[in-house]
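Reader: Please walk me through the structure below. I would like to learn how to read its salt bridges and a helix packing.

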Amino acid sequence: MSTTEQHVQPTGAVAGYRPERTLRLSVELRRQFKRRRTLGVLIAMVALPLILIAALQLGGSEDAQSNSRINLVDVATDSALNFTLFVLFATTTFFLVVVYALFFGDTVASEAQWGSLRYTLATPVPRMRLLRQKWYAALVLSIGALVTLTAVALVAGGVAFGFDDISTPVGVTIAQGDGLVRLLGMLGYLAVHLLVVGTLAFWFSTMTDAPLAAVGGAVFTMFVFAILDQVEQLGAIRDWFPTANEFAWTDLLQSPVDSGDLFRGVVQSLVYAAVFTALGFRHFAGRDVTS
């Protein structure tokens, strides 16, 4: 009896067991990196800027100038920084939304679908720690994908169009050093703003065993809000939509910078992300994952 008691903690756990040592983040990241969807996303992040460079060089510049609407594509070939800004502008509303939804919405639902979730918990890994580690891993992968896209666009754009100052569509020039600092600010804003769709997919992922339902449901929801955002009759209600400030990062191209929408966008995104994350943890706490 005394020998048995020496191997059991007062909580009933085996002596030496530490919940905080189970399922380290590095272990979860290695698991996620081995999945084909992770490699596929990273390959797409590398390939997309190259495809856009080819499209810009093959497309006739005269046709591009015939469009009277001023936007970042008009100055995309002026420098590496201009091209990088164009890539971010082109991917904000769909491509990056899907990437964040995929990484956050697939991790829990896919393991539930495979039936491996209950075996992971039997390791034993505390349920809330399991979910927290998956949330962290999804965040790291999502930001990593965003940084990869930006880095490839910057390098490939420099090779194709040269390294020079930023030329905005309205004729304002931003020095290269200042432009790089502002680009970092834009990445920080996008990383926070896209957490809205990521955490929404995360919440859906705790409620279903179908990864496609979690990812698709989050993307569809964001598209609905994006469409409703175009309905002017809704008035000030649109300011509270999760898509309201998705392009506020372009305010960093102004001189001086107007930080009003940037601040509002960050705060609003963090609130949405916190609510969706809390709902995900709340639902998972009472979910039956043993069947």
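Author: Start with the term. A salt bridge is a side-chain nitrogen of Lys or Arg within 4 Å of a carboxyl oxygen of Asp or Glu. This is a predicted model, where local features need pLDDT of at least 70, side-chain atom pairs count only at pLDDT 80 or more, and totals for chains, interfaces and linings use all residues. Residues are numbered from 1 along each chain as its sequence is written, and side-chain values use heavy atoms, with hydrogens and water left out.

Reader: How many salt bridges does the rule give?

Author: The count is three. Take D106 and R35: their closest N and O atoms are 2.6 Å apart. D106 sits in helix α6 (residues 95-114) and R35 in the loop between α2 (25-33) and α3 (36-58), so this pair ties together parts 71 residues apart in sequence. Helices here are DSSP runs (H or I, at least four residues), numbered from the N terminus.

Reader: Which residue forms a salt bridge with D106 at 3.0 Å?

Author: R37 does, with 3.0 Å between the closest N and O atoms. That pair also links distant parts of the chain: R37 is in helix α3, D106 in helix α6, 69 residues apart.

Reader: Is D106 buried or exposed?

Author: First the scale. Buried means under 20% relative accessible area, exposed over 50%, and partly exposed in between (1.4 Å probe, protein chains only). D106 is buried, at 7%. R35 counts as buried at 15%. R37 counts as buried, at 15%.

Reader: Where do R182 and D178 lie?

Author: Both are in helix α9 (residues 176-193). They are four residues apart, so about one helical turn separates them. R182 is buried at 14%, while D178 is partly exposed at 34%.

Reader: At what angle do α8 and α12 pack?

Author: Axes are lines fitted to C-alpha atoms, for helices over the stretch in contact, and angles run from 0 to 180 degrees between N-to-C directions. Helix α8 (residues 127-161) and helix α12 (residues 260-285) pack at about 145°, with axes 10 Å apart.

Reader: Which residues of α8 and α12 meet?

Author: Contact means heavy atoms within 4.5 Å. From α8 come R127, M128, L130, L131, R132 and W135; from α12 come T277, G280, F281, F284 and A285.

Definitions and conventions. Helix = DSSP H or I, 4+ residues; strand = E, 2+ residues; numbered from the N terminus.
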